[in-house]
Amino acid sequence: MSSQKSMNLTLQVWRQKSKRDAGGFTTYQAKGISPDQSFLEMLDVVNEELIAKGEDPIAFDHDCREGICGMCSLYINGAPHGGFPGTTTCQLHMRHFKDGDEITIEPWRAKPFPVLKDLIVDRTSFDRLVQAGGYVSVNTGGAPDANAVPIPKKEADLAMDAASCIGCGACVAACPNASAMLFVSAKISQLRHLPQGEAERKKRALNMLTRADKEGFGACRNHFECEAACPKDIPRRVMAEAYRDFIEASALREE
Amino acid sequence: MSGATFDIAASDTTLEGKAPAGPLAEKWSKHKFDLKLVNPANKRRYRVIVVGSGLAGAAAASSLAELGYNVDCFCFQDSPRRAHSIAAQGGINAAKNYQNDGDSIYRLFYDTIKGGDFRAREANVHRLAECSVDIIDHCTALGVPFAREYGGQLANRSFGGAQVSRTFYARGQTGQQLLLGAYSSLSRMIEAGRVKMHARTEMLDVVLVSGHAKGIVTRDLVSGEIKSWAADAVVLATGGYGNVFYLSTNAQGCNVTATYRAYKRGAAFANPCFTQIHPTCIPVHGDQQSKLTLMSESLRNDGRIWVPKAKSETRAPGQIPEADRDYYLERRYPSFGNLVPRDIASRAAKAVCDEGRGVGPGGLGVYLDFAKAISEKGKRDIEGKYGNLFDMYAKITAEDPYTTPMRIYPAVHYTMGGLWVDYNLMSNVPGLFVLGEANFSDHGANRLGASALMQGLSDGYFVIPYTIGGYLAGEKPGKATIEDAAFGDVVATVKSRTHKLLSIQGRKSPRQFHKALGQIMWERCGMARNAAGLVKAVDDIRALRAEFWENVKVLGEGNSINTSLEMAGRVADFLEFGEMMCIDAWHRNESCGGHFREEFQTEEGEAKRDDDTFAYVAAWMYRGDGKVPSLAKETLAFENVKLSQRSYK
Amino acid sequence: MSEGERVVRGALPFSRLVGGFVMSSVGAKVIMALTGVVLWLFLIGHLVGNLQIFQVPDAINSYAVFLHTLGHGAALWAVRASLLACLFAHVGMGLRLAALNRAARPVAYAKTRRLRTSPAALWMAASGVLLFVFLVFHLNHFTTGMFDPASFGLKDAEGRQDVYRMVRIAFSNPGLVVVYVVAQLFVFSHLLHGTASVWQSIGVNHPVWTPVLSGMGRSLALLIFLGNIAIPVIILIVGGRP
């Protein structure tokens with residue numbers, strides 16, 4: 001635990017009443033912030049002060065506050081989740097900042113992520129991407145014994161690397177083109193490395209990537225900002241795998 | 001002991017567990033056969049509401065939709081994938097016996113009953129153990145990337161309190177992977193049009209029509225719209241109430257509102273005082289802290305827990321020689337050592353800290369030391385097993401657990417209590433089913449590690465699809481509509497309450513009230529409780545609640561996103577619920593599992609049960625605001641296991 | 001039929017490509033990668049041919065005749081047509097994706113900090129457009145001879161077009177040399193990202209070989225750059241009009 005003393009910060013926060021409101025930046029002071037607090041706990045303090053003053057608190061999404069639910073967002077000082085490796089906003093601690101810093105806080109920006117209020121955006125487009133095919137189509141009941149099909153550890157690990165995506169949207173937020181390629185590909189990659197996902201491999205890539213275009217996400221141009229911003233370190237490999245499946249499923253399909 | 005008492009009236013409701021007769025191992029098969037079925041063609045005429053989209057909710061919603069029912073699924077988060085099941089780290093138990101180490105369905109059943117300190121219903125627990133096997137098969141089929149051995153077979157580890165390796169895991173993210181599996185099935189059913197998903201929608205009340213649960217009233221958290229939803233049955237899978245303590249490992253949004261509202265509409269609330277304090281959490285750092293972070297108890301497989309022998313110890317942990325260290329779990333429980341069940345490990349930590357031997361700020365912490373494991377097995381091995389947990393710890397505390405022992409302290413983690421349900425997982429309100437952590441059913445007074453995921457999925461995938469049919473088969477589909485007067489009444493109540501919260505315009509924020517409540521609960525109804533303290537707690541809670549309704553400050557409007565309003569509504573319910581919890585804890589004059597009453601302990605400081613008096617489920621019935629609830633008892637009959645003092649020595 | 005199948009419809013090569021694959025963002029990406037590779041290979045060939053300027057005058061002049069007469073002149077036009085097709089596909093896709101990407105973020109961030117990408121990648125569209133403008137200039141300069149018809153019409157001793165002298169005259173002009181060198185910077189920038197990321201775009205990602213291939217691509221981009229600027233710069237230094 002650090003013994004640094006508390007700090008005062010200046011925040012530039014995006015405030016927007018509703019989807020239709022134009023919105024703009026408002027400046028706030030965050031006073032007496034302990035370096036052991038998380039970024040969201042710092043915002044809690046600011047909000048408590050706003051409530052005390054009779055001002056509307058800053059709305060932001062958050063839930064588990066341990067870096068796994070993927071609900072927190074925030075574009076902090078020009079990067080999603082603050083741009084620290086493998087870190088979500090809820091696990092970003094104030095010891096990364098110093099007394100007197102100015103911090104700019106913006107919502108995720110992408111057409112398929114419209115702002116609902118202040119820093120809250122609507123990410124249901126991500127749900128619709130999964131609905132397009134991010135699953136193995138089996139009903140409950142009647143599954144064979146789990147050990148009936150051995151899966152090499154290597155493959156299971158590759159699947160797990162991709163599966164650790166928390167669906168926060170940092171990849172879209174970071175991408176210069178607001179592309180959802182890393183998110184979509186993580187699911188495609190997870191299931192293509194498992195025998196259970198093989199039957200629908202091509203169809204899945206085709207449908208999910210087609211849906212991503214339809215939702216209005218941008219196109220990937222290999223900047224790999226997504227990979228750098230991903231709090232779960234999903235590798236760029238997953239996108240190459242998804243492209244392979246897509247090419248096979250569209251241009252090269254035989255029927 | 002304080003002279004003050006609560007006047008607890010016996011409820012006139014009789015609670016029938018409805019566990020089928022017959023040999024334990026045949027009960028579920030027999031029951032499945034005896035349950036009435038809904039004709040496949042008729043299923044599409046029924047509508048089911050599922051509240052919550054965690055393991056239990058998502059599994060139930062997708063499985064029911066696969067069967068052909070129409071499902072409306074609700075969650076307050078922005079996506080069903082966010083439910084707090086996602087945060088479970090360690091694993092999921094299943095009696096697969098892949099390791100050939102003597103596991104069996106009966107052993108899992110027995111361990112769970114014993115681990116729960118003999119306060120759970122035998123038949124339910126055995127069914128849970130039976131279904132555990134199917135869960136692993138189904139989740140594997142869904143593409144859950146469980147850890148594998150080099151030969152391609154599933155890997156297992158042993159986990160808190162078990163002497164067999166029966167825990168399946170996906171790195172430190174088992175809950176996440178299982179939830180995303182259920183979410184993927186749910187997504188498939190949404191795409192197929194069988195499930196209508198309502199995210200960012202909070203259930204605020206349940207609607208009864210002729211005594212049956214036939215719908216809910218919700219608030220759209222974006223537009224603020226209060227809306228009615230009618231169905232043929234309502235399934236609550238809304239999780240636990242650990243946030244009554246303010247600081248817990250639960251997500252910020254976790255709340256008791258759905259189950260507490262159901263309680264106020266007549267559902268019995270069982271064993272609310274059974275809460276689990278998890279031993280391996282990162283200690284509190286300061287008073288602005290909003291949540292506690294759990295680290296998987298799998299850490300205890302290789303980490304050794306100790307405190308200095310001397311109270312006055314000032315040396316850094318690395319400077320303290322072996323002779324001056326007290327590995328108190330290994331000392332007190334030689335056969336289980338660092339792997340004793342959660343309640344025991346937590347209490348032992350509290351005991352050494354109460355003695356003044358705790359470490360870190362405020363003396364509220366004990367060391368979890370990996371030095372021995374690292375020197376024996378190598379850093380790489382330890383990194384492979386716990387790398388992500390070590391990283392998380394380092395991120396939060398800015399200390400390196402590879403070189404400095406971790407500091408841990410117990411924190412509220414899980415609540416065994418919940419709405420009372422029968423063997424069909426139906427509450428005493430017909431048509432109201434309760435699954436997962438929201439019900440009370442399977443863990444008794446203490447839950448074993450890696451069993452919460454098992455229960456949520458068992459309830460959702462393998463129990464409710466059968467038992468709901470038994471209820472629906474006797475119901476005409478579409479009996480209730482939102483035009484019924486009952487819906488209008490509930491909507492009016494909900495609206496007036498929302499209006500009330502917005503109109504008080506006092507001086508304290510909802511968070512301040514929540515913090516104050518949490519302090520009372522942790523102090524008086526936490527790891528150790530006593531009658532006088534509980535009476536005091538109830539007094540304090542009542543005063544706090546009165547102040548809340550006079551002095552809470554909720555800004556903004558009801559017709560837009562208003563996070564203060566959401567929090568205020570949840571805190572208001574916690575303020576009533578906390579009182580019921582303390583009364584339950586006060587009435588249970590014994591120590592069992594997570595419920596430790598200081599007056600009832602053995603000479604060695606272990607929990608002392610009173611099976612003659614308290615081998616029952618305490619189910620509380622609402623009698624009106626401010627009134628002590630009445631008590632309905634379901635006596636627990638143990639036909640298969642012999643009640644014994646839990647011993648992990 | 002699934003959503004994706006509906007979009008990527010048609011059994012005939014034309015309809016399956018134009019109907020869906022090309023219109024998808026991944027398809028566009030693959031086409032840009034493949035056409036980019038063709039143009040890249042052309043650049044290598046173009047450079048190797050042009051380096052003959054440093055040999056005796058006969059070398060490049062006879063090389064020019066060889067190109068014009070191969071297959072009775074048909075080969076040159078076939079290559080030109082394919083290159084133009086690739087160029088238009090590449091540019092067309094690029095412009096379409098740029099428009100899509102612009103639309104995907106209607107409200108810009110106030111502050112942005114890039115974490116991993118490179119300036120070359122960020123300026124891909126800009127370098128591409130400048131490259132295209134230069135290409136039009138370059139074709140009019142040496143292929144149609146619009147700017148300096150006199151030196152374009154020069155003949156050598158054997159009556160062939162005197163490419164050697166035309167180029168040397170051109171690059172004795174410092175202004176023109178500056179234009180060509182600056183243009184090569186755009187080419188280099190464009191190739192630097194293109195050659196490194198082409199593998200990812202066509203779905204090739206290997207932990208060992210992809211970095212090697214990308215590194216080779218970047219090295220080649222550098223060689224092309226050095227080779228291409230060598231021609232005007234050396235000619236300027238050693239003096240034109242022999």
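Reader: What share of the contacts in chain A with a separation of 6 or more is accounted for by residues 24 or more positions apart?

Author: This is a predicted model. In chain A, 72% of the contacts with a separation of 6 or more come from residues 24 or more positions apart.

Reader: And how many helices and strands are there in chain A?

Author: Chain A has 9 helices and 7 strands. Its C-alpha atoms fill a box of roughly 65 × 40 × 35 Å along the principal axes, and 64% of its 255 residues count as buried.

Reader: In what order do the strands of the open sheet in chain A come?

Author: The order is S2-S1-S5-S3-S4 in chain A, and the pairing of these 5 strands is mixed. Strand S2 (24–33) and strand S4 (79–80) of chain A are the edge strands, each pairing on one side only.

Reader: In which sense do S1 and S5 of chain A pair?

Author: Strand S1 (residues 7–15) of chain A pairs with S5(A) in the parallel sense, over 4 bridges. Leu11(A) has Ile103(A) as its bridge partner in S5(A).

Reader: Which strands does helix H1 of chain A lie across?

Author: Helix H1 (residues 39–52) of chain A lies across S1 and S2 of chain A, and runs at about 100° to S2(A).

Reader: Let us turn to the interfaces. Which chains share the most contacts?

Author: Chains A and B do, of the 2 pairs of chains in contact. Chain B contributes 67 residues and chain A contributes 67 residues.

Reader: Which element gives the most to the side of chain B that touches chain A?

Author: H6(B) gives the most, with 9 residues. Elements that each supply at least two residues to that side include helix H3 (55–67), helix H5 (122–141) and helix H11 (379–397) of chain B. By class, the side of chain B that touches chain A has 23 nonpolar, 30 polar and 14 charged residues.

Reader: At what angle do H2 of chain A and H6 of chain B pack?

Author: Helix H2 (residues 124–131) of chain A and helix H6 (residues 174–191) of chain B pack at about 85°, with their axes 8 Å apart. H2(A) is therefore roughly perpendicular to H6(B).

Reader: Which residues make that contact between H2(A) and H6(B)?

Author: From H2(A) they are Asp127(A), Val130(A) and Gln131(A), and from H6(B) they are Ser184(B), Ser187(B), Ile190(B) and Glu191(B). The contact of H2(A) with H6(B) has 2 nonpolar, 3 polar and 2 charged residues.

Reader: How many residues of chain A are in contact with chain C?

Author: 46 residues of chain A are in contact with 45 residues of chain C. Strand S5 (102–106), helix H7 (201–215), helix H8 (225–229) and helix H9 (237–249) of chain A give two or more residues to the side of chain A that touches chain C. That side divides into 22 nonpolar, 12 polar and 12 charged residues.

Reader: And how far apart do the closest C-alpha atoms of chain B and chain C lie?

Author: They lie 11 Å apart, and no contact joins chain B and chain C.

Reader: What does the secondary structure of chain C come to?

Author: Chain C comes to 11 helices and 0 strands. Of its 242 residues, 26% count as buried, and its C-alpha atoms fill a box of roughly 70 × 45 × 35 Å along the principal axes. Among contacts in chain C between residues at least 6 apart in sequence, 70% join residues at least 24 apart.

Reader: What does Leu419(B) touch?

Author: Leaving aside residues up to four places away in sequence, Leu419(B) touches residues including Leu236(B), Tyr263(B), Phe269(B), Ala270(B) and Phe440(B).

Conventions. Residues numbered from 1 in each chain as written. Chains lettered and ligands numbered in written order. Predicted model: local features only at pLDDT ≥ 70, side-chain atom pairs only at ≥ 80, totals over all residues. Contact = placed C-beta atoms within 7 Å. Nonpolar A, V, L, I, M, F, W, Y, C, P; charged D, E, K, R; others polar. Buried ≥ 20, exposed ≤ 12 C-beta atoms within 10 Å, placed from the backbone. Pairing = 2+ DSSP bridges. Axes fitted to C-alpha atoms, helices over the stretch in contact; angles between N-to-C directions. Parallel < 35°, antiparallel > 145°, perpendicular 65-115°, else oblique.
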